Amino acid sequence: MSQNTQHEPSSLTVKGREVRLRTIAVGVIAVLAVWFIAVNTASVTITLWVSDVTMPLWVVLTVTILVGMLIGVFLARRRATRKATRR
């Protein structure tokens, strides 16, 4: 016997508006990431395949976060597409 129940996402009421806990968590992580990038301003040397590149650490961290976000979006879309085709 299986139950087909749908659960509402967890949410809080902030200033009269419903805000999902996931949205709050993403906002907190984004603020922490920006703060972490802002305090790491020293220059670093990064070894690529054939050359060394010296640049500020904040640039490296920003690029890393953006690439991670792009990979996450790509995987989420792929998962949603695969889930939709199974139905």
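**Exercise 1. Work out the order of the elements along the protein chain.**

Starting at the N terminus, the elements of the protein chain go β-β-α-β-β-α. That gives 2 helices and 4 strands. Helices here are DSSP runs of H or I with at least four residues, strands are E runs of at least two, and both are numbered from the N terminus. A quick note on the model: it's predicted, with local features needing pLDDT of at least 70 and side-chain atom pairs pLDDT 80 or more, while totals for chains, interfaces and linings use all residues. Residues are numbered from 1 along each chain as its sequence is written, and side-chain values use heavy atoms, leaving out hydrogens and water.

**Exercise 2. Describe how helix 1 packs on helix 2.**

Take the geometry to begin with: helix 1 (residues 21-39) and helix 2 (residues 57-86) pack at about 155°, their axes 8 Å apart. Axes are lines fitted to C-alpha atoms over the stretch in contact, with angles from 0 to 180 degrees between N-to-C directions. So helix 1 is roughly antiparallel to helix 2, a label for angles over 145 degrees.

Next, the residues: helix 1 brings Ala33, Phe36 and Ile37, and helix 2 brings Trp58, Leu61, Thr62 and Ile65. Contact means heavy atoms within 4.5 Å. Sorted by class, that's 6 nonpolar, 1 polar and no charged residues.

**Exercise 3. Find how much of the protein chain is buried and what its surface is made of.**

Buried residues (under 20% relative accessible area, 1.4 Å probe, protein chains only) are 3% of the 87 in the protein chain. Now the surface: the protein chain exposes about 8,300 Å², and carbon and sulfur atoms supply 64% of that. Areas come from the Shrake-Rupley method with a 1.4 Å probe.

Definitions and conventions: Parallel < 35°, antiparallel > 145°, perpendicular 65-115°, else oblique. Nonpolar A, V, L, I, M, F, W, Y, C, P; charged D, E, K, R; others polar. Buried < 20%, exposed > 50% of the residue type's maximum accessible area, 1.4 Å probe, protein only.
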